[in-house]
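Please open the structure in your viewer and keep the selection tool at hand. The stops below go from the whole chain to single residues.

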Amino acid sequence: MPDHDLAALSDLPQDEPVKAMAGERAILLIRTGDDVTALTHECPHLGLPLSKGVVRDGTLICAFHHACFDARTGAQTQPPGHGDLQRFAVAIRDGRVIVDVPDDAPAHPMPDRARGTSDARRFVVAGGGAAAMAAAAELRERGFDGVIEMVSPDGPPLDRTMLSKAVLAGAKAVGDLALHPTPADLDIATIAGRVIAVGDGTVTLEGGGTRAFDALLLAPGGTPRRLDVPGAELPGVYVLRSGEDAAAIAAAAEGAETAIVVGGGFIGMEAALSLTKRGLSVTLATRNALPLAGIVGPDVARAILAEHVEAGVSHLAETEAVAFRADGDGVAVDWKDGGTARADLILTAVGVTPGTDGIDGIDTGDDGGVRVGPGMGVPGRPGVHVAGDSAAAPTPFGTARIEHWRVAQQHGRRAARAMLGQAGDADDIPFFWTALARQYRYLGHAEEWDRIDIDGDPSGPFLARYVKGGTVVAALTAGRDAELAEMHLAMARAGGPVPA
Ligand SMILES: Cc1cc2nc3c(=O)[nH]c(=O)nc-3n(C[C@H](O)[C@H](O)[C@H](O)COP(=O)(O)OP(=O)(O)OC[C@H]3O[C@@H](n4cnc5c(N)ncnc54)[C@H](O)[C@@H]3O)c2cc1C
Ligand code: FES
């Protein structure tokens, strides 16, 4: 029976996403005036409940990683993830909300994607990660049915964000992380290889061979840095970027008892916790006294570190590894102050070099990244675009090279529009999340601030606002997700920072 009586209209609050059950199936109801829209309740990104989200001005935002949807049609308008929300027919009868829920309606119908060969242009996408896949999907959704070739040294595109979390914790295997849609779903030819040079209308691949393009997207992500010290490449000293890296660390962790993580950025912090959850005794060695303080500020950084210590991670502050040596089945590390330590495995998580560094024919900045315009185009190089971790791109908070998943997907979508000749815009609001002892979510972008206003105690639910020049340029929360989602929509309306 497809018709389900889900609620009394008078019980539904205005512009708030509400969960209702149609038999076994959860439905999201949104009342606007006396109209009700009924949509899929699970977000297409990770399937989490959209009833925790926020609706403002016709946009529904998922509270977890800030995917956005048209609240009337269910169409996805902002990443992460791909897929619209199914919209179900609604009738209001005698003040009751009656929703037609066909048994076979897919939860996340895919937007129409072009198929055919009518467009003679050839597009090359270098990379098989977040930015590349978002660009490819956007090209097809915008009707491009010509040739797209994806050049990447990796296997199938995967959700890289899970590597330091579920994979290192032993909860998921690398094979469980495939991104959807896949290149095959999008009629994309995949070429195993690496772009090493960009010329006029052609790229050169490592080992020889060229591919011609009418438009090119370079989305090579980042290459994890190795410490420039003796023994940094010894077996047993790992870096973490690819599925292969994560599988190797997970295999080494089987039967291991101790690990040392060198580096107090987000990946090092996540990895230290995940290996601890797996039962290893983990030491986190950081150059600073307070890891992450330069990004989140000292108060929140202190709370995060305390959570790590409480979870069992030992912290070695203000230290640097100066050499690694093979030591039986493990590795010994020499610290700058003269001390040494030994572990069954060592992970060095000390940042990445943009993948564009070393690609011939492209001007890079000092850090190896490429400064691009609003449509991710490289100035002076018609048809050449850079997206993702390698791109220093304009944002409403200034030009920045931001190394986060949702931003890379936003870049990919912007680049795709520009490759099709559509106008570029740079009004996407940056956002990222990190899964530490709690889920932390960060909005906007602040490399410096005049002050941090923290509402709540950082060791409990809190919302921190990073204020510069009288405006909020960034915000961070743990536990107050709906408020952060609301601020996101306010920043989107304002086109950037909001009044403090
Ligand atoms: C372990 C880990 C955990 C993370 N967790 C989070 C998180 O929780 N939240 C968050 O917001 N962000 C997270 N990130 C960051 C996020 O994954 C990146 O910002 C995002 O993947 C960048 O997308 P990208 O497309 O630029 O690069 P990538 O996803 O790295 O893709 C780059 C692709 O290009 C390929 N490639 C490299 N060089 C070449 C070349 N010369 N030619 C062709 N192909 C090439 C690579 O092999 C790869 O397939 C995490 C990153 C890692 C490594
Ligand atoms: S689950 Fe909705 S954005 Fe991730």
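What follows is a tour of a predicted model.

Local features are given only where pLDDT is at least 70 and side-chain atom pairs only at pLDDT 80 or more, while totals for chains, interfaces and linings use all residues. Residues are numbered from 1 along each chain as its sequence is written, chains are lettered from A and ligands numbered from 1 in the order in which they are written, and side-chain values use heavy atoms, with hydrogens and water left out.

**The whole chain**

Eight helices and 37 strands make up its secondary structure; helices (H or I, at least four residues) and strands (E, at least two) are DSSP runs, numbered from the N terminus. The C-alpha trace spans about 80 × 55 × 50 Å along its principal axes.

Now switch to a surface. The accessible surface comes to about 20400 Å², and 48% of that belongs to carbon and sulfur atoms; the areas come from the Shrake-Rupley method with a 1.4 Å probe, and for residues only the protein chains shown count as cover. Of the 500 residues, 54% count as buried (buried is under 20% relative accessible area, exposed over 50%, partly exposed in between, with a 1.4 Å probe and protein chains only).

**The domains**

Colour the chain by domain next. Domain 1 covers 3–100, domain 2 covers 122–223 + 353–419, domain 3 covers 226–350 and domain 4 covers 438–499; these bounds come from an automatic or database domain assignment. Select domain 3 and domain 4 together: their C-alpha centres lie 29 Å apart. In this pair, 10 residues of domain 3 are in contact with 11 residues of domain 4, where contact means heavy atoms within 4.5 Å.

**Histidine 4**

Go to strand β1 (residues 3–8) and pick histidine 4 there. Is histidine 4 buried or exposed? Histidine 4 is buried, because its relative accessible area is 19%. Leaving aside residues up to four places away in sequence, histidine 4 touches Ala22, Gly23, Val97, Ile98, Val99 and Val101.

Select aspartate 57, in the loop between β5 (54–56) and β6 (59–61). Its phi is positive, about 50°, although it is not a glycine. Aspartate 57 counts as exposed because its relative accessible area is 59%.

Move to proline 80, in the loop between β8 (76–78) and β9 (87–93). The peptide bond joining proline 79 and proline 80 is cis, with omega about 10°.

The loop between α2 (163–169) and β13 (189–192) holds proline 181. A cis peptide bond, with omega near 0°, leads from histidine 180 to proline 181. Aspartate 187 lies in the loop between α2 and β13 too, and its phi is positive, near 60°. Aspartate 187 is partly exposed, since its relative accessible area is 43%.

**Alanine 136**

End in helix α1 (residues 130–141), where alanine 136 is found. Alanine 136 counts as buried because its relative accessibility is 0%. Beyond residues up to four places away in sequence, alanine 136 touches Ile148, Met150, Leu186 and Ile188.
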